[in-house]
Every structure is written in structure tokens, then in C-alpha cells.
Amino acid sequence: MGNINVLDISVANLIAAGEVVERPASVVKELIENSIDAGAENITVEIKNGGVSLIRVADDGCGMSKDDLPVCVLRHATSKIHNKQDLNGIKTLGFRGEALAAIASVSRLRIITKQNGQNGYVLESIGGNVQSINETGCANGTTVIVEELFGNVPARRKFLKKDSTEAMNVSALVEKVAVSHPEISIQLLIDGEQRFNTPGDGDLYNAIYAVFGKDF
């Protein structure tokens, strides 16, 4: 009897999640980059309890079709690459197709999406297992809601810092994105309080003003 086992896909996903999702800020980074790649002009990031109980990233980008919804949470599922030659010309922030699969495997996940002129749909997943896909009313774009992060992997959750520290990490990340993309209006909400909302007019100084304030 050999000692080498081929891991079950659910176990492999949990291990892969550790490469992508270290803490709430990692989730926000992946989701906000997806929004930017989707051509969003407005992005809202909301977290509660440092992002452990809730992370919500909403955008007005291109959205996804009903057919793409169940595929987007599979490992190595991506719209950015079709063959190995595409690796030589990547112009997007994300391309591996790992993020949503990794996030889904360690949380309760909802993806609400609508393409212009099409019906809207919502996917619900628990621990990486898709529970349902239903038609829903929503605006154009995509909203990803992540709840109970690491709820099914308590050993991972205990390594997180205090909620306030995790919230600071998320805030620092979103600040950097907002300043590096002044052409996108980015709003950050923490525990129901708006921290900033950039105008998205393409003016770097206006973005800095919105994020860091007049004194800075």
C-alpha cells in the first residue's frame, strides 16, 4: 500500500485558499482587482468586524452571464487566458482564476451580477459548494458578499489579528487602490461608517484629498 494520496478536491481547495486568502485584506484585494478588470467606474467596499463577518465589494462593471456564474467559482476558471500564448500579453490585474474559488472554499459567498440588457442572477455558495443560482433584480455590474470568513477553518481564523487591526489593513489597501486609480470612484465603509469616497474624476489630487483629507 503506497503512502502518497491524491487529495480530494475540497481539501485541495482549502490548501489553495491559504495561498490566496491570508486575511480579510487579501479577499478585498482580489475582489477589488476583479472589479477594476471588469471596467468598473464605481466601486464600493464594505466590511464589518474587520472583514470576518462581512466583506462586500460592489461595482458597476461588465457583470457576468448566468452561464459564467457557476464556472467563476471553480479553480483555474478565468476569462483572461485561453492558451499558453496569452501568458505573454497579460494586461489585467488578475488572471489565474484562483481568487473566487479560494474565497468560496472558506466562507459563505454570494455573487449578484447583471450584464447590461440582461437579467440579473445571484449565486449562493457555502464552503465552496454552490447551493443555488436564481434570477434576481439588481443593477448592472457585480456585487460579491463574503460572510463568516474562515468559519469552516477555525484554525485559520485564530491567526487573525483584532478586528480593528484587520480593518486597518483593509483600509490601507483600499487607500492605495483609490490613489492609484483616481479615474475610479471608490467608497470605503467600515462598520457602517464611510471612511472616504473618491470622486473618480481622474484628478490625482482630488483622490488624495478624499482619502487623506485637507490637512494632508
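Modeller: Accessible areas come from the Shrake-Rupley method with a 1.4 Å probe, and for residues only the protein chains shown count as cover. By that method the protein exposes about 11,800 Å², of which carbon and sulfur atoms supply 49%. This is a predicted model, in which local features need pLDDT of at least 70 and side-chain atom pairs count only at pLDDT 80 or more, while totals for chains, interfaces and linings use all residues. Residues are numbered from 1 along each chain as its sequence is written, and side-chain values use heavy atoms, with hydrogens and water left out.

Biologist: What makes up the secondary structure of the protein?

Modeller: The secondary structure comes to seven helices and eight strands, where helices (H or I, at least four residues) and strands (E, at least two) are DSSP runs numbered from the N terminus.

Biologist: Why is Glu 166 called buried?

Modeller: Buried means under 20% relative accessible area, exposed over 50%, and partly exposed in between (1.4 Å probe, protein chains only). Glu 166 has 0% relative accessibility, and therefore counts as buried. This residue lies in helix H6, residues 163–180. Over the protein, buried residues make up 42% of the 216 residues.

Biologist: What does Glu 166 touch, leaving out residues up to four places away in sequence?

Modeller: Taking contact to mean heavy atoms within 4.5 Å, Glu 166 touches Arg 23, Pro 24, Gly 50, Leu 160 and Lys 161. With Lys 161 there is also a polar approach, in which the backbone nitrogen of Lys 161 lies 2.8 Å from a polar atom of the Glu 166 side chain. A polar contact is a pair of N or O atoms within 3.5 Å; within protein, one must be able to donate a hydrogen and the other to accept it, and residues adjacent in sequence count only if both atoms are side-chain atoms.

Biologist: How do you know that the span of helix H2 is close to what is expected?

Modeller: The expected span is 1.5 Å times one less than the number of residues. Helix H2, residues 24–37, has 14 residues and reaches 20 Å from its first C-alpha to its last, close to the expected 20 Å. Just after H2, Gly 39 takes a positive phi of about 80°.

Biologist: What makes you say that H2 is mostly covered?

Modeller: Eleven of the 14 residues of H2 are buried, including Pro 24, Val 27, Leu 31 and Ile 36.

Biologist: Why is the pair of Phe 212 and Phe 216 called tilted?

Modeller: The structure holds one aromatic pair. Phe 212 and Phe 216 form this pair, with 4.9 Å from centre to centre and 35° between the planes. Rings of Phe, Tyr and Trp (its six-membered ring) pair if their centres lie within 6.5 Å, and planes under 30 degrees apart count as stacked, over 60 as edge-to-face and the rest as tilted, so these values give a tilted pair. Phe 212 is partly exposed, with a relative accessible area of 37%, whereas Phe 216 counts as exposed at 67%.

Biologist: How do you know that strands E3 and E4 pair?

Modeller: Two strands pair if DSSP finds at least two bridges between them. Strand E3, residues 108–114, is joined to strand E4, residues 120–126, by seven bridges, and the two run antiparallel. Ile 111 stands opposite Leu 123 in E4. The two strands form a hairpin with five residues between them, and Gly 117 in the turn has a positive phi of about 85°. E3 also pairs with E6 in the antiparallel sense over seven bridges, with Lys 114 standing opposite Gly 141 in E6.

Biologist: What is worth noting about the backbone of Glu 148 and Phe 150?

Modeller: Neither residue is a glycine, yet phi is positive in both, near 55° in Glu 148 and about 65° in Phe 150. Glu 148 is found in the loop between strand E6 (141–147) and helix H5 (154–157), and Phe 150 is found in the loop between E6 and H5 as well.
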